[in-house]
Amino acid sequence: MKQRKNVSYAKYGYIFSLPFIIVFLIFSLYPIFYTAVIGFTDYKGIGATSWHFLENPLQNFSVIINNNSFRQALYNTLVIWILNFIPQILMALLLTAWFTSRRNKMRGKGFFKVIFYLPNIITAASIAILFFALFGYPVGPVNSLLVKLGIVDGPVYFLISKVSARGIVAFIQFWMWYGYTMIILTSGVMGINPEIYEAAEIDGTSGWQTFIYITLPNLKTILLYVLITSMIGGLNMFDIPKMFMQGGPDNSTLTTSVFIYNQAFSGSYLYNRAAAASMIMFLIIAVLSGMLFFLMRDKSEIELRKQAKKLKKERLRIAKEQEAL
């Protein structure tokens, strides 16, 4: 009998990955490359058929950096992201500790997970309209409640105040995303070896000690993922600030993504400057991501690698000495 030839399935892997590669090249890589290129040109206006590279290639970047609206947008973006991320991660960690506690035998945890995650699947347009109505002036649920409780004497125009408008946008972002963060952290906890928790229970540790000294250290990689993705999403914040207050009042909720949109599709249609602003944000996100990876690196693993290199060098040195003898 003839032996069957070994069949290589590697080519099928390339075939199945081909659609993704094509879509990525057309809809992701090409737009990124095209955006980077037109940032160095005078390309502007709808229907423009020709453009030229500028004599000073960094002119658009210089104009954007010195633009007061862009600086205000960058400041707003960072403030709104920080204001929503800190309570978001704290709430997510608290709920994660509750849902994954071995001592908590409460029923209906799945139902509560769905309820907490629900805001994340509601469209941004619906949420913007909802909160605009909630904080309406002079008639609105929030104003009515505050007046009835005697906290304020009369209706407050929240949406005309820079601080309150920025705070509302930050709260909306927190409300939309804490459930998603909770799900990610919960899945990370479920991947931790349960024998570690069993050993901790035998040693008599409390629930708080277990979470602080066992759960959090083992969630370091997941926390890094959450932090990076939240930062990228926060610095690209667009839908809620745009639909809620159009960046107002007085640019207090103007984010960098809304600024880029306005540069490209409002007024003079400055595609070149919008592209330059996009590349500046890309560099900012890349630098901040690199810093976070460096700060949250696993120092124990790095130390083990250094020790392994030292042992390898020592073995090579001993081998050479033996050969010389």
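Tutor: Let's begin with a term: buried means under 20% relative accessible area, exposed means over 50%, and partly exposed is in between (1.4 Å probe, protein chains only). By that rule Lys309 counts as exposed, because its relative accessibility is 58%. One caution: this is a predicted model, where local features need pLDDT of at least 70, side-chain atom pairs count only at pLDDT 80 or more, and totals for chains, interfaces and linings use all residues. Residues are numbered from 1 along each chain as its sequence is written, and side-chain values use heavy atoms, with hydrogens and water left out.

Now find Lys309 in helix 14, which covers residues 299–324 (helices are DSSP runs of H or I, at least four residues, numbered from the N terminus). Together with Lys306, Lys310 and Lys313, Lys309 forms a positive surface patch. Patch residues have over 30% relative accessible area and no salt bridge, and like charges are joined within 9 Å. A salt bridge would be a side-chain nitrogen of Lys or Arg within 4 Å of a carboxyl oxygen of Asp or Glu. Lys and Arg are the ones counted as positive, and for Lys the charge is placed at NZ.

For contrast, hop over to Thr96 in helix 3 (residues 68–100). Thr96 counts as buried because its relative accessibility is 0%. Leaving out residues up to four places away in sequence, Thr96 touches Met182, Leu185, Thr186 and Val189, where contact means heavy atoms within 4.5 Å.

Methods:
Patch = residues over 30% accessible without salt bridge, like charges linked within 9 Å, V, L, I, M, F, W, Y side chains within 5 Å. Areas by Shrake-Rupley, 256 points an atom, 1.4 Å probe, with all protein chains shown as cover. Helix = DSSP H or I, 4+ residues; strand = E, 2+ residues; numbered from the N terminus.
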